[in-house]
Amino acid sequence: MSNFVKDTITDEQIRYDQEHIWHPYSSMINPPPAYPVVSAKGVRLTLSDGRELIDGMASWWSVIHGYQHPELNAAAHEQIDTMAHVMFGGLTHEPAIELCRTLVEMTAEPLQKVFLADSGSVAVEVAIKMAIQYWHAAGKPQKSKLITIRNGYHGDTFGAMAVCDPVNGMHEIFTQTLPQHYFADRPEIGFSEPWNNQDILSLQALIETHHDHIAALILEPIVQGAGGMRFYSPEYLKRARALCDQYGLLLIADEIATGFGRTGELFACDHAGITPDILCLGKAITGGYMTLAATLTTSAIAEMISSGGAGCFMHGPTFMGNPLACSIANKSLELLLNSDWKSNIKRIETQLTQNLAPAKSIKGVADVRCLGAIGVIELTEPVNAQRIQKMLVDEGIWVRPFGKLVYIMPPYVIDNDSLDALTLGLVRVVKQYLDQYETD
């Protein structure tokens, strides 16, 4: 059997890609270039022309252990030789059992029931359905709406889109089709700023007025991701939890992006010391090897749903509990939990803060902020993504800007020298880009 690995992509394949393949958030009219990757190892991507790029995105938050990790590779090989997939309806298997055991043990004590799905968006759909089905079973079917905060992002499927910011959440054109929910003003007080109770009043007023019809509050705890990479006060999260308790709402925490250490705590809710009623996890759960997600909830919610008219929870993805994904997730979580992950994230945060700080003095930069293994340079105007992307690639780094944001969340295994090259290169490109922008 040949061990040959193809190390190039032909011009014809690139043309085919441009003509036929729809990439995320892209147009099929004059589509932007997609840089061809032929291999990845550690924190580096190798392009077909031989250039290496330091990956500043961890492939959208997920590749926390880097590419081609030997223990994750071994877990994948071992499982695929036994059983790559089997349906989860009426069947079970060790990888799923042990994954759910780990998730229950590593999350807050009230979260005892686990529903496995195949993507973050589906985990959010599951959470929304859980909340609505819970209140229906509890004899309050009128509690069928959701409340959330502006600038949030929860995914691209229809239930998830309905709780994304209707203007800033990329889904405005679907507004007339989507269910209509309640949107409170976004939190304005930053992560380390002094608390002012004015920040919670919009959410409080909406809940006070409409709680009889609201099933749950859904939010991204501490970090609003694709809605603006904003870091808000843990006190807001504490107050939101208290409002849910006071007015009889469930709290859904979407930790798909923030879970598994990204913010400096194992889960972002830990910054506030609160526990959600429903928790969504994904992205880093498999170390970026496979698509997998989980929605956790309490025994009380699970039992209420199960005692309702339907007699079960009405959801069942084809690839739910996929053994290959669960096996890799087990090894990924083992690697994380057996490491000194907290000190490591602090190391990354310190270096991000130090190296990105000079960007604050660049004309055209509105803000620079860091939290855990997340670093953000926010510009005053939206970037020309195609132009700055080429400059970043030429610098030898892979960063995927959007809107006004040029941000990074590198793999946790990145060493100090690579992190220096990533961050200092990023600041150079931002300065060069803005200098050109001023003269164009």
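Mentor: Two strands pair if DSSP finds at least two bridges between them. Keep in mind that this is a predicted model.

Trainee: OK. Which residue stands opposite Trp398 in S15?

Mentor: Asp55 does. Asp55 lies in S3, residues 52–55. S3 and S15, residues 397–398, run parallel and are joined by two bridges.

Trainee: How many bridges join S3 to S2?

Mentor: Three. S2 covers residues 44–47, and here the strands run antiparallel. Leu45 has Leu53 as its bridge partner in S3.

Trainee: And the turn of that hairpin, which residue takes a positive phi there?

Mentor: Gly50, with phi near 95°. Four residues sit between S2 and S3.

Trainee: Now the hairpin of S13 and S14. How many residues are between the strands?

Mentor: Two. Gly372 takes a positive phi there, near 55°. S13 is residues 365–371, and its antiparallel pairing with S14 runs over six bridges.

Trainee: What else is S14 joined to, and by how many bridges?

Mentor: S16, residues 405–408, by four bridges, again antiparallel.

Trainee: Is S14 mostly covered or mostly open?

Mentor: Mostly covered. Five of the six residues in S14, 374–379, are buried.

Trainee: Switching topic. What is the strand order in the open sheet of seven?

Mentor: S4-S12-S11-S10-S7-S5-S6, with mixed pairing. The edges are S4 (111–117) and S6 (182–184), each pairing on one side only. From one strand to the next, the twist averages 20°.

Trainee: Inside that sheet, how do S11 and S12 run, parallel or antiparallel?

Mentor: Antiparallel. Four bridges join S11, residues 278–281, to S12, residues 293–298. Ile278 has Thr297 as its bridge partner in S12.

Trainee: Which strands does helix H4 touch?

Mentor: S4, S11 and S12. H4 spans residues 94–106 and packs on the sheet, with its direction at about 135° to that of S4.

Trainee: And H8, which strands does that helix touch?

Mentor: S5 (145–149), S7 (214–219) and S10 (250–254). H8, residues 234–247, also packs on the sheet. The direction of H8 makes about 170° with that of S7.

Trainee: Thanks, that gives me a list to click through.

Definitions and conventions
Residues numbered from 1 in each chain as written. Predicted model: local features only at pLDDT ≥ 70, side-chain atom pairs only at ≥ 80, totals over all residues. Heavy atoms only, no water. Buried < 20%, exposed > 50% of the residue type's maximum accessible area, 1.4 Å probe, protein only. Axes fitted to C-alpha atoms, helices over the stretch in contact; angles between N-to-C directions. Contact = heavy atoms within 4.5 Å.
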